[in-house]
Structures are given as C-alpha cells and as structure tokens.
Amino acid sequence: MVIDDSNTIRRSAEIFLKQSGCQVILAEDGFDALAKISNLLPNLIFVDIMMPRLDGYQTCALIKRNPRYKSIPVIMLSSKDGLFDRARGRMVGSDQYLTKPFTQESLLQAISEYAKAGSDATNEDE
C-alpha cells in the first residue's frame, strides 16, 4: 500500500512496484488508507509523513495500535531527513524511513526486507 496525498508520488511508486510484479493499493490520505487496510490487508505500507487531515505519524500510530494490523511493516516516506523526523517515526512504530525522492531500488529493497514479515502476519487471516 502506498499512502500519499501527492498523485505524482502515488503513481510513481505504483509504476515502480507494478513493474516488479507487486500488487499495489493506493490511498490519498490516512483516512482513506485506514478504510482500505481492514478489507485489503496489505503486506507492507509506505506512508508519506506530510499529509492533510491525518498525517503519516498519526496514520502509522493508529495502524500499530491495532492488534490486527500492528505486525504490518510501515515505512515512512518524507522529504525531510532529520534525526528528529526519523526518531519521531520510530516512536510511532515505523519500521523504516525512506527519503524522497525515492528510487525503484530503494522501494524494492524495503519490500525484500520487510514484506515477508507482513505477509506472514496477514496470511493468518486469509
């Protein structure tokens, strides 16, 4: 799942991931994502930090507080690369932090590292 308020970022990530054989779920913001997560149970979630209404930190915290979804890896996406931003991401339960602009390689590396953990967790419900 890719959660980002920027259509350009969502589409770029979708293209990169689909070219590599991934199924991709897109969400425009945290509320949209939370509605889709319960039905679709993604194996991995990429979430932008700076979004209106419900930012990436809040979205990540809500996902990680839910016992059904807390094992799904969440990777924060941000144009900020500061220590404080990374620490805040860890505090809300994110598994990794990628800076924008990301590359196809960085997305695929994150998937290879974290998707197995997420798929193990969601396969229990399938």
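Strand 1 (residues 2-3) and strand 3 (45-48) run parallel and are joined by two bridges. Strands are DSSP runs of type E with at least two residues, helices are runs of type H or I with at least four, and both are numbered from the N terminus; two strands are taken to pair if DSSP finds at least two bridges between them. The model is predicted, so local features need a pLDDT of at least 70 and side-chain atom pairs count only at pLDDT 80 or more, whereas totals for chains, interfaces and linings use all residues. Residues are numbered from 1 along each chain as its sequence is written, and side-chain values use heavy atoms, with hydrogens and water left out.

Val2 has the bridge partner Phe46 in strand 3 and the bridge partner Leu26 in strand 2. Strand 1 and strand 2 pair in the parallel sense over two bridges, and four bridges join strand 3 to strand 4, again in parallel. In the latter pairing, Val47 stands opposite Met76 of strand 4. The strands form an open sheet of five with the order 2-1-3-4-5 and parallel pairing. Strand 2 (26-27) and strand 5 stand at the edges with a single partner strand each, so one side of each is left without a neighbour in the sheet.

In a regular strand the side chains alternate between the two faces of the sheet. In strand 3, Ile45 and Val47 point one way and Phe46 and Asp48 the other way, and all are buried. Here buried means under 20% relative accessible area, exposed means over 50%, and partly exposed lies in between, with a 1.4 Å probe and protein chains only.

Nonpolar side chains tend to be buried together in soluble globular proteins. A nonpolar core is defined as a set of buried Ala, Val, Leu, Ile, Met, Phe, Trp, Tyr and Cys residues joined through side-chain atoms within 4.5 Å. The largest nonpolar core has 21 residues, and those with the most contacts inside it are Met1, Ile3, Ile45, Val47, Val74 and Met76. At least two residues of this core are supplied by each of helix 2 (30-40), strand 3, helix 3 (56-65) and strand 4 (74-78). Helix 3 gives the largest share of this core, four residues. A second, separate core has 16 residues, including Leu44, Ile75, Phe102 and Ala115. With contact meaning heavy atoms within 4.5 Å, and residues up to four places away in sequence not counted, Ile3 touches several residues, among them Ala27, Ala33, Ile45, Val47, Met51 and Thr59.

The 13 residues of helix 1 (residues 7-19) should span 18 Å at 1.5 Å a residue, and the end C-alpha atoms are 18 Å apart, which agrees. The expected span is 1.5 Å times one less than the number of residues. Arg10, Ala13, Glu14 and Leu17 are the buried residues of helix 1. They cover an arc of only 105° around the axis, which puts them on the same side of helix 1; the arc is that of the directions from the helix axis to the C-beta atoms. Thr8 and Gln19, on the other side of helix 1, are exposed. Gly21, with a positive phi near 90°, follows helix 1.

The structure holds one aromatic pair. The ring centres of Phe16 and Phe102 are 6.4 Å apart and the planes stand at 80°, so the pair is edge-to-face. Rings of Phe, Tyr and Trp (its six-membered ring) pair if their centres lie within 6.5 Å, and planes under 30 degrees apart count as stacked, over 60 as edge-to-face and the rest as tilted. The pair links distant parts of the chain, 86 residues apart: Phe16 lies in helix 1 and Phe102 in the loop between strand 5 (96-99) and helix 5 (104-123). Phe16 is partly exposed, with a relative accessible area of 23%, whereas Phe102 is buried at 10%.

Most residues other than glycine have a negative phi, and most peptide bonds are trans. The peptide bond from Lys100 to Pro101 is cis, with omega near 0°, and Pro101 is found in the loop between strand 5 and helix 5. Leu41, although not a glycine, has a positive phi of about 40°; Leu41 lies in the loop between helix 2 and strand 3 and is buried, with a relative accessible area of 10%. Arg53, in the loop between strand 3 and helix 3, has a positive phi near 65° and counts as exposed at 61% relative accessibility.
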